Structures are given as structure tokens and as C-alpha cells.
Amino acid sequence: MASKQPKPAPFIHPVSLAITISLLFAFGFLWFTRQPDSGETAPMEPIVIGTSGVVDDRTNQTDQTNPTDQTDPSDRTDQSDVVADAPVVLPPRPDLLDTILRPDHREIPGMVATNWLYYRNDTGGEIRVAGSWDGWEGRFALTPVARGLYAFDVSGFDVPFGRYEFKFIVDGQWEPGENRLLHLNEHGLIERPPQVIAQALIEEDRLIRIRLNEIPEAREDVSIEMEPDYGVARLEWVEPEVAPHVVGYRFEDHDVEFVFSPETYGLSADAVQWVSVAGAFNGWDPNTEHTRMRRTEDDEWTVRIPYAYIDGKITEEHIFFKFVVNGEWMNPPADAPNAQVQPGTPHMNLTLPRGGAGRPELLIHTVRDIDLRDPPGLIFDGLHERRLRARPSPDTILNRYVSDKALGATLDREADETHFRLFSPRAVQVDLGLFDGPYHRTADDVAVEPAEILPMTRDGDGVWEIALDGLRIGQYYAFRVSGPRGDGEGFNPNRWLGDPYAFAVSLAEGNSIVTDLSTPQAPWRGWTPEARALRIPWEDMVIYETHVRHFTWDDSSKVQADLRGNYLGFLATEGLGTGLDHLKALGVNVVQFMPIHEFPNGFEVRHDWGYATDFFFAPESSFAQNPREGSQVWEFRHVVNELKEHGFAVFLDVVYNHIGGVNMFNAIDRLYYFRLNPDFTNMNFSGVGNDVHSERPMVRRLIVESVLFWVEEYGIDGFRFDLGELIDDDTLLEIEREIRAKYPHVVLHSEPWSFRGHHKDFIGRTTWGAWNDEFREPAKRFVSGRGDVENMMRGIRGSVEGWAQHPLQSVNYMESHDDYSLVDELTSNPERDGRELSYRDERIHKLAATLIMGSLGTPMITEGQDWMRSKHGIRNTYNQGDELNALRWDERDRPHAREVTDYYAQMIHFRLSDAGRALRVAENPGMDYVRFIHDGSETALGWIVNANNERPDVPAVMILMNAGEHEAIFEARLPSGRWIQVGDGDQVVSDGVPGGVMFNGGRTQSFTVPARTAHIFRNGL
């Protein structure tokens, strides 16, 4: 062992020292890049979208995480070069001021100006980025910097300054979540602009409104330059007069009084049970006592809080807040000038002004009219210590563009011409491409050049048009639109677009087809008088919701292989005991198709529910035999015609509230066709990525004309509007006026909710009907023995005590395409997998059939509900393919399933028979038309229909339902007459069940009903 002696001072060679320092720096850098940045632990407000039943219903139709105008990136070729022949530049290592993005970190980069975009993803693999800077066309590869760290140089982009959306693509898959944001400054570098200007809007020909987040120190020092220069006539400062119910607050002395108006948020006063205000000042906690609001006599909700308290809690630049109603986070009103996305989050919140004062607005009056196709870039001095730039966007001024010209491709036989027209008011150039084939890009994403490119001319109303010699029937065509560049714009001069008014497209991603609707083609023979004359009274309708592909895709449909999942396959089931034979035996008389408007299905035919509509006049091509030739037009006409000859009415589920993944409207004029937040992100009350701006006159025209088109050209009898609440009231009223004037028999139904709220109160004042969740939810609770009798009684009456003018406005259902299948939701299996049927399931589902068919209103069931079809416990199967969505017709033969199917058929037959006429009410009867028999039990309820003999020639009906686990005794005084039992819980026979009781009315009787059983009686013998 060495002795312990003092050690000499160590000698380190300078080269060794340098190497050691370099290694330490490298290890430190790697450690740093692998650590969460401080932003990861920053508190985030709760999700802004509520958690009501509609939420999961609507997150299932399109992949909202993808840019709305994109196909799957795996279908695209490598476009990694930023600039052709550009030298390779190795990324520098980030420093402390650089923003490093991660999958779970969505901060807006650019704390300091930089040309490098950094992204850390420890999963490895290939990382690419795509964005709105080139219309989402490129897929640009990031360069590895270190293990798990990647970088991308934006300096090669030749784009104007402004805001751009982007997303990372990891190993060919779009990252989940909302689109990310970045800002490019005038030098093309990533840099966050100061949050001084909230909005810059072109409101009139010579007026630009600048809404500010900050008050300049000296207004007289503010000056403005324009590029191009329209001349500044004068500047005008105004103090905004904003309504408290819109901005959400008013100042009272030294307090802030928060104000919530249900009407402003599209809610009825009675629908609001409690309201709270939440923000960073209370930790985004809606349950704090001092932020709970109280209802006023005017049905507003208010709470006062000292401003100094709020101001003292916040150190950030903005004071954000949001209202919480009945536990649901409410997005700001669309017209709230103080709505803003909170930096570093995707959340749109309301803001309070700093200093307790309102923000001024700056009005810029120009010398010359502003060309909306070439809006000026604005350069501000004096608003901030830095020179600021902004590009104003048109707002309500766009509504002045209106045209009544026929749009799309129209045939002028008299002149022997084909006219092509596209409405794009701010386009600077539109070209018509004539193609020799059905696609402008191949399945491998190779561009297909058109045979001919023809420039179109613009009229004064924003319509681009060209007339070509001859009737170009069968011609493949597309449009290419160039327009302004800048914040929020979607124009892409390199992209060919389908025609929004096309009657047929080769596929959503392909070309449009000039179609002649006046000359029938096989298999359609033209309308038969019987089909045209078919009219099923609204009160007699029983709706069956189904999907073209689901109906016959499985081989158990017995349809020949080449017709499965197709329009013609739907009809080919006749005589096979499945499909049409089943519907006839069941007794339903309305076939309601899930969406058949053209939706993106790619070059490979694959499963899709269809709630991603792109073309509103074209039937879905993937269901057709020869889609490249437009056979879908004639095949679907044939289906409708044949269904009517078989005695069915035909409804369509239509999706006008948002646009699917191809989304040509984004490139036609995004600012015109979509509702946008102040930061140019899409409003997303649909939950699927974008909300259509139905208030715009030409969007309203498109929707109204589409509805009329399907009635006139296809003979459709009714419509169910997906998320109808998102279509503005005036558009819904115009649809109603047009339909009632021309086709009064057509039924209009709304799905009356969205993330924004409900509109059943509005629907109740019209001739529309609505899917009724006020029936659906109490019914599911009641039949499963969980009570809710009071709400169930209102549902049985058709909700006339609430929103409905008459019972038929209420669509009574318990299962639809959305959410769990009914057997999965009501099963005793804790995993909600109802495949293993039990006697309990049979009893509950017979109660469900009794309740749906035995209530006032319009009954609806969905495909497979009548045989207790399970979706294996998966709540929404929109992305589960054919395995869970295709109907397995052999499942009807399972124990307990056949019994339920037979019971549904018997209940439907009884409802539609003379014996069940009391259940079919066209007008609103008196409140004592339905009399309830209820002794306070939560699991037993009876009701007598036509109890007051309001309809003397109609037999009264009594239903006694026991949803409990033990027998129930009912005491009921029945109307006079001879009564007979028609239902004993296992069967329903209009003339009386075998062994059923008969008795005289006019006195009180006692009835014993077994557990989970419904007994049904009628008089009038």
C-alpha cells in the first residue's frame, strides 16, 4: 500500500483539456436536449370542449388531426427538397432561447428570430414537416442534430410574412392534435410577433379596422405604410362599444362583473343549471366558490370580483377566462372581439383588458378602393417599440359577392355548348383543366398533366366561367385556383380541384365528370309513376338507419361477391332472406342512408362511414360498379326508385357542417367558406377540424340547392342533417321555405347539437324535427332499471312539454351509428361487450322496442339493433373497418336474438295497424291524451294513449312497463269499452295474444306485470 504523502499538483496537457471540455459540453448538450423544457410543466387550462354525450359522437368522422385538405401522407411521394440544388446546411445546436418542440409540447416557436425549427422525438425514425406555406404539398425531411433531436431550415421558403400552420409527420403518420402554428417575419425567419394587433379586417372598400390588444403610449405617433399603397386618407381611433353578453364582462367601479348570456351561446335559459367563470386567476378551477355565478331576472348569469384581485394573480401578458356551463367548457362567441388563442396552447379563450379599460380600435380610411385580390401589407410605427406588420383580411365585405348563375358544368343544348363556372370571388386566376382520364394525380401521387389548360374569365360577382363548343358529356375536368397569399389563406396555384357542383366524380381525390342527368342510363329505367306518387304520412314512418357498404359487405348477406358493399348489392338481397327481405319482414318503411355524398375513400376501396363529405351533388363513387364513368349516378337513382316500388321512403343523412379531407373549398377561398377564429384557425365546434360558414350567401345557396337537387333528381323523401345546430338558423329556415313551397311532403330532421350547444328550441318553432336525446337517454336508463321516470314521461309524450310543437318532431331512438351499440351499453358485462347474449338482454331489448314504438313521435332504429348487434364494446367504430361495421346477418339466428327481432317486427306491425293508430299522432293532442299510471316506483310506469277519447274512432292503447327485477302491480282506471291484451312481453298480436285477458273498461282494475316485461292492451273491439 502506498504511503499517504502530499500529491503534487496535476499536469494536464492543453490538448487533453480542450478535448475534455468539448466532451463535457457535448454530454451537457445531449442531456439538455433530452430534458423537458420548462414549458412542459406550465399549467394548462382544461379542454375547451365539453364532455356531454355528443362529444364522442362527433370525434369519429374524419381525422381532424390531419390538415383539412390533405390525403394520407403515406399516399404521397418524397418531396423532401426545400429548394432545388440548395447546398446542404448542417443545423446548429439550439441554445437556451431556441424553442424545442415535442409531441406533447405545442408552443409557438420563435422567441428569438431563427431560421431553424427544432423538434425532439425519442421514437426515432423519419421525421418530416408539412405546412400551409406551400398548400400542404411538400413533405420536407428534418435533419438529425443529435439523438432524438431534429431540425429544419425554413429559409428556403419564398413566402410572405405572416402566420402559417404546420404538422410533423413521424414515420409516415401525421402527429395527433391540432395543427401547430409559427410566424415568419419579413425576412423569412421564424419569429413570434408582439401580441399587439388582435385582428386586421377589411370591412368596406376603403376601410380597414385594426383591433388592438395593447394601447399605444402616444396615438399621435402612430403611422402606417401600405404595400401596395392604397393611400391613407385618415386614421380614426374609436373606443369600442361592446355588449357585455358578447365579451363576457363589464366594469363596475373597481370590480369586474362577469356576464354569461345563454342566448349568446345558443342555449335556452332552462337548459342552464349552473355557470362558473374560470381562468388563470383561479387556477382554471370551475368549482371555486367565489367564481360561481348567479342567475338574474333577465336570465343572465353574473358574478363580481375585484379587478385588483384578478390583476394581482396574473403575471402574463393577457388575462384569459372562459365560462363553464353544467360542467361543459364553452368556446367564445364567434363575434367576440376579445377572443384569442392562448399562446402555447390550442385553446380559444376570452380576455380581459389590462388596466381595467376597453381596448381602442384603429380605423384606417384609404384613398382608393382596396382590391380584395391584392390586399395591402400594413407596416406600423408607433404601436410598439418594434416596427409591426400585418395583412388585413376581408370580413363581412365578402358577403356582397352573390350570383344566381348556374354553377358547375352545365349543358346548353340550344347553343350546343358546355359552360363551366366556379365561384371564387378573390381568385386572381382560375384555369380549367381538361383531362383524358379520371385522375389528376395517380395512386402513387404522380401528377397527371391535363390534355388542355384553358384560362377562365371572372364576372363582377366573383364567378369564373368559360364556354366550350359541344356537349362535353363524359369529359373529365378540374379547376386550378390562384389567389392572395398570407395569413389564413388556402389558395394553391399548383393544385387541381374537383368541382363543388359536379354531379359525379371519379373519386373524391380525382377529376369531376360532365354528366347529363336528362338521359337515363342502365340500370335506371326512369321514374315509375308508382315511385313518384309514393307518399308515406309522417305519422306512419318507422325509420331504419343503415349504410350502403355495411348492408351487404359480409358474405352472410348471400349477395354475389362483385356486388357486396355496393348500391346494386343493396337491391340484390331480395329473395335471399337478408337485406330487403329482412326490412320488409321487420315492417320498417323508411330507409335512411348514412352519408352517400362523395367522401374521400382513396384509390383503394375501404370502409368509411361517410361523414367527411366533399361533394354535395355527387353520389359516393366507391359504392358503384363503374365509378370512372359516373355509373354511381344511375345506380343510386335505381336504388331509390326500386326502394320506392317496394313501399319504402328514402332519407339521406347529409353533412353540410364541415368538409372532408379533400376539401377543395379550402383552396377555392378559405376565408369565404369557413368560420375562422381571430388567429385564422378553423372554428371546430363540429369536432372534426373545420366548420362551414353557412351564413355566407353563396354557401347558403350551395346547401339549399343541394337539398333541392336530391329531391328533384333522386326522389329523396327526407333528410337528417348531421350536427344541424352548426347550420345557421337563416339557412335552415330558407331550406324549410324552399322545400315546403315545392315539396311539402319532404321530412327535415336535425341532429340538434354540436360542441357549441343545442337548438331544439329553435327547431320546435319550425316544421323541422330533431333527433331527441331527451328521449334517448331517459329511455336507456329506464329500460335497464335505473329509473328517470319523470324525464321518460316527457319523452313518451313526444317532448311537447319542452321544445316540440307536436310529437312527430321528436325522433325517438335509443341507438344510432354513433356511440355504443345498445346491447353493448346495456349489457351486464363490465367491459361493455355484449356479444354473449343473455335472457336479461332479451328482456331489456324487448322493453326498448316497446318504448320506441309505443311512444308518441317518429320511431327510429339502426342497422342490427333489432337482433342486438354488438360492436364488441367499442364506443365508436368509424375507424374499425368492415370487421365491426359490416352486418353479420347470421347473427340473427343466435339464441335470444331471433326472439328480439320477432318482437320488434310485432311492435312495428302493431304500431302501424288500425289497432295502434292512437300511437300515430300528426298534430299535438291535449295533455290528457296520454295519461300515466305511476305510483312513485322508479322502475314501473304505465300509460294510456287516447285516454281522453280525443279521437273517438281510434282504439285506446295501454302499456304497462315493469323494468324492475320483481313483479309490479298497477292500479289503473281504464276508459270504457271492451279491452283485450295484445302484448304479454314475449309477443305482440293486434287481435289479442293467445291466452290474453279480456275485460270491460270504465272502472279501476289491478294488473300484475312480471319483472322486465311490458303488457299491452287495447280497446275498441
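Pro 228 lies in the loop between strand 12 (223-227) and strand 13 (232-238); helices (H or I, at least four residues) and strands (E, at least two) are DSSP runs, numbered from the N terminus. This is a predicted model, in which local features need pLDDT of at least 70, side-chain atom pairs count only at pLDDT 80 or more, and totals for chains, interfaces and linings use all residues. Residues are numbered from 1 along each chain as its sequence is written, and side-chain values use heavy atoms, with hydrogens and water left out.

Most residues other than glycine have a negative phi, and most peptide bonds are trans. The bond from Glu 227 to Pro 228, however, is cis, with omega near -5°. Also cis is the peptide bond from Ala 522 to Pro 523, with omega near 5°; Pro 523 sits in the loop between strand 35 (512-513) and helix 5 (529-533). Asp 416 is not a glycine, yet has a positive phi of about 55°. Its loop runs between strand 27 (408-412) and strand 28 (417-423).

I turn now to a helix pair. How do the axes of helix 14 and helix 15 cross? The axes of helix 14 (residues 773-783) and helix 15 (residues 789-796) come within 9 Å and cross at roughly 130°, where axes are lines fitted to C-alpha atoms, for helices over the stretch in contact, and angles run from 0 to 180 degrees between N-to-C directions. The two helices are therefore oblique to each other (under 35 degrees is roughly parallel, over 145 roughly antiparallel, 65 to 115 roughly perpendicular, and the rest oblique).
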